[in-house]
Amino acid sequence: MSKVKYYYDPETLSYRKIERRKRKTFKYILGFITATALFGFLTVFVTSHFVESPKEKALKRELTNMQLQYDLLNKKMDEASEVLASVEDRDNNIYRIYFEANPIPEEQRKAGFGGINRYKGLEGYDNSKLITESNKKIDILQKQIVVQSKSLDEIAKLAEDKEKLLASIPAIQPVNNVDLTRIASGYGYRTDPFTKARKFHYGMDFTAPRGTPVYATGDGTVIRADNQSTGYGNHIRIDHGYGYVSLYAHLYKYNVKKNQKVERGDLIGFVGSTGRSEAPHLHYEIFKDDERINPTNFYYGSLTSEEYSILLEKSSLENQSLD
């Protein structure tokens with residue numbers, strides 16, 4: 001039960017009961033609610049704009065950490081780009097030049113990033129610039145890595161081919177120096193032993209006793225081991241690939257047969273004097289793309305510089321050949 005309140009009326013000199021009207025009471029209540037709501041709104045407004053909640057603080061820390069990680073990622077990508085640029089430089093200026101391959105143009109290494117804006121979907125955010133730049137760097141790196149990877153695959157193949165080429169080129173003397181009596185004749189114009197006429201001699205004559213071992217001068221496949229070629233007598237031809245063929249003539253006998261695979265240094269036959277020959281010796285020729293070339297340019301694999309100088313001097317003398 002609510003308390004009854006009175007007030008003193010000086011006109012009647014008596015106490016009168018206070019009568020509270022409903023309308024006035026409603027106004028009081030409405031005013032209180034309005035004031036409370038306004039106060040609450042102001043409190044929320046001030047708090048939301050000037051005071052951070054625990055959740056906002058956590059999100060802010062996450063955002064700061066994310067930006068820090070992006071910065072670190074960009075730094076790492078810059079470092080990776082520098083390393084890749086160094087690899088590309090060595091690729092173009094060392095590896096590809098060594099293997100006689102054309103350098104990869106810069107436009108090809110970084111092609112495919114012009115034209116349409118592929119990063120439009122990343123726009124409109126607080127960190128759009130940072131995110132866009134990071135994505136661009138990643139895309140460029142991926143493109144460069146793919147190009148460089150393919151280039152290194154090509155270099156590996158070229159290196160393998162180069163190794164095969166170096167093993168296949170006829171690069172040693174077919175008769176050991178210790179077995180030689182002398183180098184009877186070299187490549188060039190010589191006197192024919194039978195007609196005494198001056199004619200071009202297309203190979204080198206190595207004088208050695210009958211039965212002296214003859215060795216393959218490079219890896220390859222025996223394509224002939226017969227006496228069906230005029231003047232050569234018993235002879236062997238080895239296809240080394242890459243356009244090179246070596247010929248060994250006037251043999252006493254063979255140690256290989258047609259289609260046999262041989263390696264540099266393998267024993268293939270023995271010195272003789274078959275065919276158009278004046279004395280036991282090995283007549284040796286080298287073909288490149290079906291053209292006979294000077295064998296003296298191909299002994300770097302078995303002779304010292306002094307031995308090679310002596311060989312050049314002796315083989316250049318215009319004397320009489322043995323075939």
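Ile33 sits in helix H1, which spans residues 22–50. This is a predicted model. Ile33 has a relative accessible area of 49%, so it counts as partly exposed.

**Strand E10**
- Strand E10 covers residues 244–249.
- Six of its six residues are buried, and E10 is mostly covered.
- In a regular strand the side chains alternate between the two faces of the sheet.
- Tyr244, Ser246 and Tyr248 point one way from E10.
- Val245, Leu247 and Ala249 point the other way.
- Both sets are buried.

**E10 and strand E9**
- Strand E9 is made of residues 235–241.
- E9 and E10 pair in the antiparallel sense, over five bridges.
- Ile238 has Ser246 of E10 as its bridge partner.
- E9 and E10 form a hairpin with two residues between the strands.
- In this hairpin, Tyr242 takes a positive phi near 60 degrees.

**E10 and strand E14**
- Strand E14 takes in residues 281–288.
- E10 and E14 run antiparallel and are joined by six bridges.
- Tyr248 has Tyr284 of E14 as its bridge partner.
- Tyr248 is also one of the buried residues of E10.

**Salt bridges**
- How many salt bridges does a search of the whole structure find? The search finds three.
- Side chains of opposite charge can pair when their charged atoms come close.
- Asp226 and Arg224 meet through their side chains at 3.0 Å, N to O.
- Arg224 counts as partly exposed because its relative accessibility is 25%.
- Arg292 and Glu285 form another salt bridge, at 3.7 Å, N to O.
- Is Glu285 buried or exposed? Glu285 is buried, because its relative accessible area is 2%.
- Its partner Arg292 is partly exposed, with a relative accessible area of 32%.
- Asp289 and Lys288 also meet in a salt bridge, at 3.0 Å, N to O.
- Lys288 has 24% relative accessibility, so it counts as partly exposed.

Methods:
Residues numbered from 1 in each chain as written. Predicted model: local features only at pLDDT ≥ 70, side-chain atom pairs only at ≥ 80, totals over all residues. Heavy atoms only, no water. Buried < 20%, exposed > 50% of the residue type's maximum accessible area, 1.4 Å probe, protein only. Helix = DSSP H or I, 4+ residues; strand = E, 2+ residues; numbered from the N terminus. Pairing = 2+ DSSP bridges. Salt bridge = Lys/Arg side-chain N within 4 Å of Asp/Glu carboxyl O.
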